[in-house]
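Me: Could you take a close look at one part of this model for me, the surroundings of the ligand, and then tell me how that part sits in the rest of the chain?

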Amino acid sequence: MHIAFAVATLLAILSAARLLAAADAAQLPEGAGKATVQKVCSGCHAPEIVVGRHETKDGWERIVSSMVDKGANGTDDEFNTIIDYLATHFPQTKTE
Ligand code: HEC
């Protein structure tokens with residue numbers, strides 16, 4: 001009885017660890033706001049969809065508000081955090 005409980009607990013811990021490892025494999029850079037992006041932006045597509053895009057802060061604001069139009073759920077604070085994170089880690093690179 002106790003052993004079965006211990007095994008079940010161990011299995012639960014192992015599968016939680018696997019989920020965490022999968023999240024770690026994501027390509028989003030570390031930084032304030034990463035967890036918010038993962039929480040708010042993973043409902044419809046992988047949050048890594050933003051990786052490789054480069055936008056000005058205005059550009060990210062437009063993208064995030066178009067996601068809100070599509071149905072993204074979050075507080076104003078969360079969206080501001082996301083825009084700051086994206087503008088910091090995926091800025092428009094000047095090429096002119
Ligand atoms: C309610 C669903 C939903 C949520 C939540 C959502 N998106 Fe999207 N997103 C979409 C859809 C649908 C597309 C594909 C739109 C298209 O192909 O035009 C998309 C596409 C994108 C694209 C590619 C746009 C392009 O023009 O290539 C980016 C970047 C993006 N989302 C960023 C985000 C970010 C950042 C968040 C979190 C703030 C987010 N998404 C949350 C639905 C969502």
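Reply: Happy to! Helix 3, residues 57-70, gives the most to the shell around the ligand, with 4 residues; helices here are DSSP runs of H or I with at least four residues, strands are runs of E with at least two, and both are numbered from the N terminus. Please keep in mind that this is a predicted model: local features need pLDDT of at least 70, side-chain atom pairs count only at pLDDT 80 or more, and totals for chains, interfaces and linings use all residues. Residues are numbered from 1 along each chain as its sequence is written.

In total, 15 residues surround the ligand, and the closest are C41, C44, M67, G71 and A72 (a residue is near if its C-beta atom, placed from the backbone, lies within 6 Å of the molecule). By type, the shell holds 10 nonpolar, 3 polar and 2 charged residues (Ala, Val, Leu, Ile, Met, Phe, Trp, Tyr, Cys and Pro count as nonpolar, Asp, Glu, Lys and Arg as charged, the others, Gly among them, as polar).

C41 and M67 also belong to the largest nonpolar core, which has 12 residues. Such a core is a set of buried Ala, Val, Leu, Ile, Met, Phe, Trp, Tyr and Cys residues joined through C-beta atoms within 7 Å, where buried takes 20 or more other C-beta atoms within 10 Å of a residue's own. Helix 2 (34-40), helix 3 and helix 4 (76-89) each supply at least two core residues, and helix 4 brings the largest share, 4 residues.

As for the whole chain, there are 4 helices and 0 strands.
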